[in-house]
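I opened the model today and kept notes as I went. Here is what I looked up.

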Amino acid sequence: MRMFMCGVTKNHFGRQNRLALVGKILLSGFFICVAAEMVRSQPPSENISYVEAKPWNRAAMDTVAWRRYAVRRIEDLPGFEAATAGNPNRYGSDTSRRYRASGYFRVEKDNGRWWMVDPQGFRHLNIGVAVVRPGRSERNTKAFMDRFENDKTWLDSTSALLYGHGFSGTGAWSDYEAIAEYNDRSARVLTYTPTIYFMGNYGGLRGGTYPRPGNI
């Protein structure tokens, strides 16, 4: 409000005084912005965890330095207590509520809310990690063979890692054929989500498609 009044009464000042006043206002605004940015960039002082990550740079990932970032986890929220949903079944589903079993994954509306239902009829939340598949570069292939030797060993280790971190399956662009073979021999299932390009495949059949940013 004071800055506005100074602008209204500028005729009472000489040119030198007006320039000095404008300079003070701009300098004050600069320090206010810097202080606000410093406050904004400071993480809260409580319930903070830290992770290390690299800013994405496809051309220079080997040279980009790791940076430390402050994060807040759900379990760190004050007063948070995780609810117990009972023992999960082989699909990792909530066995406290059951619907009609169809032998397939499907959806059902219950009390105004849609739920995913697993083949046994239990309420399911698909908590998965995308791109669960071995890399195909020469370096990745060598590392894979040195550590796992084959898909069976790799998936046995990977499934235990995912289950141990609370995941029930995998997301898009995963090696779902290898995962399906794992499910056939495993007591617990890794759910998977094949990627189906409806519009892209349709366009390929009818002709006239071409690559363009933003299109499928």
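I began at Tyr 182, which contacts Leu 155, Asp 156, Ser 159, Tyr 163, Arg 188 and Leu 190, leaving out residues up to four places away in sequence. Contact here means heavy atoms within 4.5 Å.

I noted the ground rules next. This is a predicted model, where local features need pLDDT of at least 70, side-chain atom pairs count only at pLDDT 80 or more, and totals for chains, interfaces and linings use all residues. Residues are numbered from 1 along each chain as its sequence is written, and side-chain values use heavy atoms, with hydrogens and water left out.

Which residues make up the largest nonpolar core? I listed 11: Val 132, Phe 144, Phe 148, Trp 154, Leu 155, Leu 162, Tyr 163, Ala 178, Ile 179, Tyr 182 and Leu 190. Such a core is a set of buried Ala, Val, Leu, Ile, Met, Phe, Trp, Tyr and Cys residues joined through side-chain atoms within 4.5 Å. Helix H4 (151–164) and helix H5 (176–185) each give at least two of its residues. H4 has the largest share, with 4 residues. Helices (H or I, at least four residues) and strands (E, at least two) are DSSP runs, numbered from the N terminus.

**His 124**

I found His 124 in strand S6 (residues 122–124). His 124 counts as buried because its relative accessibility is 2%; the cut-offs are buried under 20% relative accessible area, exposed over 50%, partly exposed in between (1.4 Å probe, protein chains only).

**Confidence**

I checked pLDDT, the predictor's confidence in each residue, from 0 to 100. The protein averages 78, and 73% of the residues score at least 70.
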